[in-house]
Amino acid sequence: MFEFFAAILVCATFLIVGTLTVDYIIKAPVYKGPPTEHFNGKTFSNIDGIKARGLKDVIKWAITEEPGPWTVLSEEDITYGSVPESTVTEGIKITFVNHATFLIQVDGLNILTDPVWSERASPFQWIGPKRMRPPGIRFQDLPEIDVVLISHNHYDHLDIHTAKRLKDAFDPLFITPLGVPLYLKENGITNTAELNWWNDYVINQEVKVFAVPAQHFSGRGLTDRDKTLWAGYVLQTPAGNIYFAGDTGYDGFFKDIGQRFNPIDVALIPVGAYKPRWFMSPIHVDPFEAVQIHKDVGAKQSIGMHFGTFPLADDGMTEPINDLAKAREQAGIDKKDFFILNEGASKSFYDERHTIMAE
(Lines give C-alpha, C1' and ligand atoms only; values in the text may rest on other atoms or scores of the structure.)
Protein backbone atom coordinates (compact mmCIF):
# COMPACT_ATOMS: atom_id res chain seq x y z
CA MET A 1 0.00 0.00 0.00
CA PHE A 2 2.97 2.31 -0.51
CA GLU A 3 1.09 4.10 -3.26
CA PHE A 4 -1.72 4.99 -0.88
CA PHE A 5 0.66 6.33 1.77
CA ALA A 6 2.42 8.39 -0.90
CA ALA A 7 -0.88 9.84 -2.08
CA ILE A 8 -1.79 10.79 1.51
CA LEU A 9 1.57 12.51 1.97
CA VAL A 10 1.12 14.42 -1.29
CA CYS A 11 -2.32 15.63 -0.21
CA ALA A 12 -1.10 16.55 3.28
CA THR A 13 1.80 18.51 1.77
CA PHE A 14 -0.62 20.44 -0.44
CA LEU A 15 -2.68 21.37 2.64
CA ILE A 16 0.34 22.39 4.71
CA VAL A 17 2.07 24.55 2.13
CA GLY A 18 -1.09 25.77 0.44
CA THR A 19 -0.07 24.75 -3.05
CA LEU A 20 -3.16 26.13 -4.72
CA THR A 21 -1.63 25.91 -8.18
CA VAL A 22 -1.49 22.12 -7.97
CA ASP A 23 -5.00 22.01 -6.49
CA TYR A 24 -6.25 24.07 -9.42
CA ILE A 25 -4.86 21.49 -11.81
CA ILE A 26 -6.71 18.55 -10.27
CA LYS A 27 -9.87 20.06 -8.79
CA ALA A 28 -13.15 20.36 -10.70
CA PRO A 29 -15.24 23.49 -11.34
CA VAL A 30 -17.97 23.98 -8.74
CA TYR A 31 -21.74 24.15 -9.11
CA LYS A 32 -23.45 27.50 -8.69
CA GLY A 33 -27.18 27.76 -8.20
CA PRO A 34 -29.95 28.66 -5.75
CA PRO A 35 -30.03 26.92 -2.36
CA THR A 36 -32.17 23.81 -1.99
CA GLU A 37 -32.83 21.35 0.84
CA HIS A 38 -29.52 19.61 0.10
CA PHE A 39 -27.51 22.55 -1.31
CA ASN A 40 -26.67 25.56 0.88
CA GLY A 41 -25.49 27.74 -1.99
CA LYS A 42 -21.90 26.45 -1.78
CA THR A 43 -21.86 22.74 -0.93
CA PHE A 44 -24.16 19.74 -1.23
CA SER A 45 -25.12 17.50 1.68
CA ASN A 46 -26.58 14.08 2.28
CA ILE A 47 -30.21 13.70 3.26
CA ASP A 48 -29.48 13.19 6.97
CA GLY A 49 -26.42 15.46 6.99
CA ILE A 50 -24.01 12.51 7.23
CA LYS A 51 -20.50 13.44 6.09
CA ALA A 52 -17.49 11.53 4.81
CA ARG A 53 -14.44 11.35 7.07
CA GLY A 54 -11.90 14.17 6.91
CA LEU A 55 -8.14 14.21 6.33
CA LYS A 56 -7.36 13.53 10.01
CA ASP A 57 -9.27 10.26 9.85
CA VAL A 58 -7.74 9.42 6.47
CA ILE A 59 -4.28 9.64 8.04
CA LYS A 60 -5.45 7.60 11.06
CA TRP A 61 -6.71 4.88 8.71
CA ALA A 62 -3.47 4.95 6.73
CA ILE A 63 -1.51 4.35 9.94
CA THR A 64 -3.77 1.58 11.29
CA GLU A 65 -4.91 -0.12 8.08
CA GLU A 66 -4.95 -3.92 7.78
CA PRO A 67 -5.55 -4.56 4.08
CA GLY A 68 -6.71 -7.93 2.82
CA PRO A 69 -4.89 -9.76 0.01
CA TRP A 70 -4.94 -8.59 -3.60
CA THR A 71 -3.44 -10.20 -6.71
CA VAL A 72 -2.58 -8.35 -9.91
CA LEU A 73 -4.17 -10.12 -12.88
CA SER A 74 -3.02 -9.50 -16.44
CA GLU A 75 -4.84 -9.98 -19.73
CA GLU A 76 -3.34 -13.48 -19.87
CA ASP A 77 -5.00 -14.35 -16.54
CA ILE A 78 -8.59 -13.59 -17.55
CA THR A 79 -11.01 -14.58 -20.27
CA TYR A 80 -12.55 -11.58 -21.99
CA GLY A 81 -16.26 -11.57 -22.52
CA SER A 82 -17.80 -11.95 -25.95
CA VAL A 83 -17.94 -8.90 -28.19
CA PRO A 84 -21.28 -7.27 -27.29
CA GLU A 85 -24.14 -7.20 -29.75
CA SER A 86 -24.51 -3.92 -31.62
CA THR A 87 -28.03 -3.44 -30.20
CA VAL A 88 -30.58 -5.25 -28.07
CA THR A 89 -34.24 -4.62 -28.90
CA GLU A 90 -35.95 -7.22 -26.71
CA GLY A 91 -35.52 -7.33 -22.96
CA ILE A 92 -32.52 -6.03 -21.03
CA LYS A 93 -28.93 -7.22 -21.43
CA ILE A 94 -26.40 -6.19 -18.78
CA THR A 95 -22.67 -6.84 -19.12
CA PHE A 96 -20.28 -6.34 -16.21
CA VAL A 97 -17.02 -4.64 -17.26
CA ASN A 98 -15.76 -4.33 -13.67
CA HIS A 99 -15.79 -1.97 -10.69
CA ALA A 100 -18.92 0.18 -11.27
CA THR A 101 -18.83 -0.07 -15.06
CA PHE A 102 -21.70 -1.89 -16.76
CA LEU A 103 -22.91 -1.95 -20.34
CA ILE A 104 -26.71 -1.79 -20.27
CA GLN A 105 -28.41 -2.62 -23.57
CA VAL A 106 -32.13 -1.97 -23.77
CA ASP A 107 -34.64 -0.67 -26.35
CA GLY A 108 -31.90 -0.29 -28.96
CA LEU A 109 -29.79 1.88 -26.63
CA ASN A 110 -26.27 1.17 -25.39
CA ILE A 111 -25.65 2.76 -21.98
CA LEU A 112 -22.46 2.75 -19.88
CA THR A 113 -22.34 3.39 -16.14
CA ASP A 114 -19.29 5.09 -14.58
CA PRO A 115 -16.89 3.91 -17.33
CA VAL A 116 -13.26 3.39 -16.28
CA TRP A 117 -10.70 1.84 -18.64
CA SER A 118 -7.64 3.61 -17.19
CA GLU A 119 -4.89 1.85 -15.23
CA ARG A 120 -5.33 3.95 -12.09
CA ALA A 121 -8.23 5.58 -10.28
CA SER A 122 -6.24 8.73 -9.59
CA PRO A 123 -5.52 12.26 -10.83
CA PHE A 124 -2.09 10.89 -11.81
CA GLN A 125 -1.20 7.72 -13.70
CA TRP A 126 1.99 7.18 -11.67
CA ILE A 127 0.41 6.99 -8.21
CA GLY A 128 -2.88 6.04 -6.65
CA PRO A 129 -5.10 2.93 -6.66
CA LYS A 130 -3.93 0.63 -9.44
CA ARG A 131 -6.17 -1.55 -11.57
CA MET A 132 -5.79 -5.15 -10.40
CA ARG A 133 -7.99 -6.75 -13.07
CA PRO A 134 -8.31 -5.79 -16.74
CA PRO A 135 -11.74 -4.58 -17.92
CA GLY A 136 -13.91 -7.51 -18.98
CA ILE A 137 -14.57 -5.90 -22.36
CA ARG A 138 -11.88 -4.36 -24.51
CA PHE A 139 -12.61 -0.71 -25.26
CA GLN A 140 -12.31 -1.40 -29.00
CA ASP A 141 -15.03 -4.08 -28.71
CA LEU A 142 -17.67 -1.68 -27.37
CA PRO A 143 -20.76 -1.14 -29.52
CA GLU A 144 -21.88 2.37 -30.42
CA ILE A 145 -22.44 4.03 -27.05
CA ASP A 146 -25.48 6.31 -26.84
CA VAL A 147 -25.56 7.36 -23.17
CA VAL A 148 -23.09 7.48 -20.28
CA LEU A 149 -24.35 7.72 -16.69
CA ILE A 150 -21.90 9.33 -14.25
CA SER A 151 -22.79 8.95 -10.55
CA HIS A 152 -20.27 11.52 -9.22
CA ASN A 153 -16.86 12.99 -9.94
CA HIS A 154 -14.50 10.73 -7.96
CA TYR A 155 -11.66 9.26 -10.00
CA ASP A 156 -12.91 5.67 -9.86
CA HIS A 157 -16.28 6.76 -11.28
CA LEU A 158 -15.48 9.72 -13.53
CA ASP A 159 -12.36 8.71 -15.43
CA ILE A 160 -11.72 11.68 -17.69
CA HIS A 161 -9.32 9.73 -19.91
CA THR A 162 -12.04 7.18 -20.68
CA ALA A 163 -14.64 9.93 -21.05
CA LYS A 164 -12.53 11.61 -23.72
CA ARG A 165 -12.06 8.30 -25.56
CA LEU A 166 -15.81 7.77 -25.55
CA LYS A 167 -16.41 11.29 -26.79
CA ASP A 168 -13.96 10.83 -29.65
CA ALA A 169 -15.31 7.39 -30.60
CA PHE A 170 -19.07 7.86 -30.15
CA ASP A 171 -19.91 11.36 -28.80
CA PRO A 172 -22.54 9.91 -26.41
CA LEU A 173 -24.79 11.92 -24.11
CA PHE A 174 -23.23 12.20 -20.64
CA ILE A 175 -25.89 12.38 -17.91
CA THR A 176 -24.53 13.55 -14.57
CA PRO A 177 -25.53 15.07 -11.23
CA LEU A 178 -25.52 18.86 -10.81
CA GLY A 179 -22.24 20.62 -11.53
CA VAL A 180 -20.35 17.72 -13.12
CA PRO A 181 -20.81 18.91 -16.76
CA LEU A 182 -18.64 21.94 -15.99
CA TYR A 183 -15.61 19.66 -15.66
CA LEU A 184 -16.56 17.65 -18.73
CA LYS A 185 -16.88 20.81 -20.80
CA GLU A 186 -13.42 21.93 -19.66
CA ASN A 187 -12.24 18.72 -21.30
CA GLY A 188 -14.07 19.17 -24.58
CA ILE A 189 -17.17 17.10 -23.74
CA THR A 190 -20.23 19.23 -24.43
CA ASN A 191 -22.99 16.68 -25.06
CA THR A 192 -24.20 16.65 -21.46
CA ALA A 193 -27.28 16.83 -19.26
CA GLU A 194 -27.28 17.41 -15.49
CA LEU A 195 -29.91 16.31 -12.99
CA ASN A 196 -30.85 17.05 -9.43
CA TRP A 197 -32.22 14.26 -7.24
CA TRP A 198 -35.65 13.10 -8.45
CA ASN A 199 -35.34 15.01 -11.74
CA ASP A 200 -35.60 13.12 -15.01
CA TYR A 201 -34.30 13.22 -18.57
CA VAL A 202 -36.13 11.73 -21.54
CA ILE A 203 -33.64 9.72 -23.60
CA ASN A 204 -36.17 8.65 -26.25
CA GLN A 205 -39.90 8.05 -26.52
CA GLU A 206 -39.64 4.86 -24.47
CA VAL A 207 -36.74 5.38 -22.05
CA LYS A 208 -36.44 7.93 -19.25
CA VAL A 209 -33.70 8.28 -16.61
CA PHE A 210 -34.20 9.66 -13.10
CA ALA A 211 -31.44 10.81 -10.75
CA VAL A 212 -32.06 9.53 -7.22
CA PRO A 213 -30.34 10.16 -3.88
CA ALA A 214 -27.15 8.47 -2.76
CA GLN A 215 -25.19 8.95 0.46
CA HIS A 216 -21.69 9.93 -0.53
CA PHE A 217 -19.57 13.02 -1.25
CA SER A 218 -17.71 14.58 -4.19
CA GLY A 219 -14.44 16.28 -5.10
CA ARG A 220 -11.39 15.84 -7.28
CA GLY A 221 -9.02 18.17 -5.42
CA LEU A 222 -8.53 19.70 -1.98
CA THR A 223 -10.88 22.67 -2.19
CA ASP A 224 -13.84 21.39 -4.24
CA ARG A 225 -15.25 18.86 -1.77
CA ASP A 226 -19.05 18.47 -1.97
CA LYS A 227 -19.30 21.29 -4.53
CA THR A 228 -20.91 19.05 -7.13
CA LEU A 229 -23.71 16.55 -6.52
CA TRP A 230 -23.61 12.74 -6.33
CA ALA A 231 -26.48 10.42 -7.31
CA GLY A 232 -27.81 7.04 -8.33
CA TYR A 233 -30.10 6.51 -11.33
CA VAL A 234 -33.27 4.68 -12.28
CA LEU A 235 -33.83 3.85 -15.93
CA GLN A 236 -37.49 3.43 -16.84
CA THR A 237 -37.69 1.24 -19.94
CA PRO A 238 -40.35 -0.85 -21.73
CA ALA A 239 -38.48 -3.96 -20.57
CA GLY A 240 -38.41 -2.98 -16.88
CA ASN A 241 -36.91 -0.54 -14.39
CA ILE A 242 -33.14 -0.63 -13.79
CA TYR A 243 -31.58 0.89 -10.66
CA PHE A 244 -27.90 1.87 -10.61
CA ALA A 245 -27.01 2.82 -7.03
CA GLY A 246 -23.70 4.53 -7.82
CA ASP A 247 -21.46 4.92 -4.77
CA THR A 248 -23.28 5.10 -1.45
CA GLY A 249 -23.55 4.49 2.25
CA TYR A 250 -26.75 3.18 3.80
CA ASP A 251 -29.74 5.27 4.86
CA GLY A 252 -33.52 5.10 4.80
CA PHE A 253 -34.08 6.73 1.40
CA PHE A 254 -33.71 3.42 -0.45
CA LYS A 255 -37.24 2.48 0.57
CA ASP A 256 -38.44 5.74 -0.97
CA ILE A 257 -36.67 4.86 -4.22
CA GLY A 258 -38.34 1.46 -4.23
CA GLN A 259 -41.78 2.93 -3.61
CA ARG A 260 -41.45 5.59 -6.30
CA PHE A 261 -40.18 3.24 -8.99
CA ASN A 262 -41.93 0.00 -8.14
CA PRO A 263 -41.14 -2.47 -9.54
CA ILE A 264 -37.33 -2.35 -9.66
CA ASP A 265 -36.59 -5.22 -12.02
CA VAL A 266 -32.77 -5.13 -11.86
CA ALA A 267 -30.60 -3.30 -9.30
CA LEU A 268 -26.85 -2.70 -9.56
CA ILE A 269 -25.60 -2.35 -5.98
CA PRO A 270 -22.07 -1.78 -4.56
CA VAL A 271 -20.68 -4.50 -2.30
CA GLY A 272 -16.99 -3.54 -1.91
CA ALA A 273 -14.63 -0.95 -0.35
CA TYR A 274 -16.27 -1.22 3.08
CA LYS A 275 -13.47 -1.84 5.62
CA PRO A 276 -12.78 -0.58 8.19
CA ARG A 277 -16.39 0.19 9.02
CA TRP A 278 -15.55 3.09 11.38
CA PHE A 279 -14.06 4.89 8.38
CA MET A 280 -16.05 3.64 5.38
CA SER A 281 -19.60 3.25 6.72
CA PRO A 282 -20.77 6.83 6.03
CA ILE A 283 -20.02 6.53 2.31
CA HIS A 284 -19.74 2.81 1.36
CA VAL A 285 -22.18 0.03 2.19
CA ASP A 286 -20.93 -3.41 3.16
CA PRO A 287 -22.44 -6.59 1.64
CA PHE A 288 -24.96 -6.91 4.49
CA GLU A 289 -26.22 -3.37 3.85
CA ALA A 290 -26.18 -4.08 0.11
CA VAL A 291 -28.60 -6.95 0.73
CA GLN A 292 -30.73 -4.58 2.78
CA ILE A 293 -30.78 -2.13 -0.15
CA HIS A 294 -31.89 -5.01 -2.40
CA LYS A 295 -34.80 -5.56 0.00
CA ASP A 296 -35.54 -1.86 0.55
CA VAL A 297 -35.89 -1.06 -3.15
CA GLY A 298 -37.85 -4.26 -3.73
CA ALA A 299 -35.47 -5.41 -6.47
CA LYS A 300 -36.49 -8.60 -8.22
CA GLN A 301 -32.84 -9.30 -8.94
CA SER A 302 -29.60 -7.51 -8.06
CA ILE A 303 -26.03 -7.59 -9.32
CA GLY A 304 -23.07 -6.69 -7.08
CA MET A 305 -20.45 -4.15 -8.17
CA HIS A 306 -17.65 -1.91 -6.86
CA PHE A 307 -15.28 -4.69 -5.78
CA GLY A 308 -12.17 -6.56 -6.87
CA THR A 309 -10.75 -3.99 -9.31
CA PHE A 310 -9.14 -1.10 -7.40
CA PRO A 311 -7.83 -1.54 -3.81
CA LEU A 312 -9.75 1.34 -2.24
CA ALA A 313 -10.20 -0.02 1.29
CA ASP A 314 -9.05 -2.78 3.64
CA ASP A 315 -11.30 -5.53 2.28
CA GLY A 316 -9.39 -7.95 0.09
CA MET A 317 -9.98 -8.78 -3.55
CA THR A 318 -12.51 -11.59 -2.99
CA GLU A 319 -13.76 -10.68 0.49
CA PRO A 320 -16.85 -8.81 -0.80
CA ILE A 321 -17.94 -11.91 -2.74
CA ASN A 322 -17.58 -14.12 0.34
CA ASP A 323 -19.34 -11.63 2.60
CA LEU A 324 -22.17 -11.22 0.09
CA ALA A 325 -22.75 -14.98 0.27
CA LYS A 326 -22.95 -14.75 4.08
CA ALA A 327 -25.30 -11.75 3.86
CA ARG A 328 -27.62 -13.57 1.44
CA GLU A 329 -27.75 -16.63 3.68
CA GLN A 330 -28.45 -14.50 6.75
CA ALA A 331 -31.30 -12.70 4.95
CA GLY A 332 -32.70 -15.84 3.33
CA ILE A 333 -32.12 -14.55 -0.21
CA ASP A 334 -31.39 -16.97 -3.02
CA LYS A 335 -28.13 -16.61 -4.94
CA LYS A 336 -30.07 -16.15 -8.20
CA ASP A 337 -31.70 -13.04 -6.74
CA PHE A 338 -28.48 -11.24 -5.79
CA PHE A 339 -25.41 -12.42 -7.63
CA ILE A 340 -21.97 -11.50 -8.91
CA LEU A 341 -21.01 -11.50 -12.60
CA ASN A 342 -17.49 -12.23 -13.78
CA GLU A 343 -15.81 -9.50 -15.83
CA GLY A 344 -17.18 -9.59 -19.36
CA ALA A 345 -20.13 -11.82 -18.39
CA SER A 346 -23.69 -10.85 -19.32
CA LYS A 347 -27.23 -11.53 -18.15
CA SER A 348 -30.35 -11.05 -20.21
CA PHE A 349 -33.63 -10.18 -18.53
CA TYR A 350 -37.08 -10.43 -20.06
CA ASP A 351 -39.97 -8.66 -18.41
CA GLU A 352 -43.38 -10.26 -18.87
CA ARG A 353 -46.05 -8.31 -17.02
CA HIS A 354 -43.44 -7.36 -14.43
CA THR A 355 -42.28 -10.96 -13.87
CA ILE A 356 -38.59 -10.95 -14.64
CA MET A 357 -36.60 -13.96 -15.73
CA ALA A 358 -32.86 -14.15 -16.25
CA GLU A 359 -31.04 -16.18 -18.87
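Predicted model: local features only at pLDDT ≥ 70, side-chain atom pairs only at ≥ 80, totals over all residues.
Colleague: How many aromatic pairs does the structure hold?

Modeller: The structure holds twelve aromatic pairs. One of them joins Tyr31 and Phe39, with 5.2 Å centre to centre and 70 degrees between the planes.

Colleague: What makes the pair of Phe96 and Phe102 tilted?

Modeller: The ring centres of Phe96 and Phe102 are 5.0 Å apart, and their planes stand at 40 degrees.

Colleague: How do you know that the charged end of Arg220 sits over the ring of Tyr155?

Modeller: The charged end of Arg220 is 4.1 Å from the centre of the Tyr155 ring, and the distance limit is within 6 Å. The charged end of Lys347 likewise sits over the ring of Phe339, at 5.6 Å from its centre.

Colleague: Which residues have the most contacts inside the largest nonpolar core?

Modeller: Ile94, Ile175 and Tyr243 have the most contacts inside this core, which has 64 residues. Strand β11 (residues 264–270) gives the most to the core, with five residues. Among the residues that Ile175 touches are Val147, Leu149, Ala193, Tyr201 and Tyr233. Apart from this core lies another, of 21 residues, including Ile137, Ile160, Leu166 and Val180.

Colleague: Which residues of helix α4 (residues 160–170) are buried?

Modeller: Ile160, Thr162, Ala163, Leu166 and Phe170 are buried in α4.

Colleague: Why are they placed on the same side of α4?

Modeller: They cover an arc of only 155 degrees around the axis, which puts them on the same side of the helix. In general, an α-helix has 3.6 residues a turn, so residues three or four places apart point the same way.

Colleague: What covers the buried residues of α4, and which residue follows the helix?

Modeller: The cover includes β3 (109–113), β4 (147–149), β5 (173–177) and α5 (180–186). Asp171 follows α4, and its phi is positive, near 45 degrees.

Methods: Residues numbered from 1 in each chain as written. Heavy atoms only, no water. Phe/Tyr/Trp six-rings, centres within 6.5 Å; stacked < 30°, edge-to-face > 60°. Lys NZ or Arg CZ within 6 Å of the ring centre and 35° of its normal. Core = buried A, V, L, I, M, F, W, Y, C linked by side-chain atoms within 4.5 Å. Buried < 20%, exposed > 50% of the residue type's maximum accessible area, 1.4 Å probe, protein only. Helix = DSSP H or I, 4+ residues; strand = E, 2+ residues; numbered from the N terminus. Contact = heavy atoms within 4.5 Å. Arc of directions from axis to C-beta.
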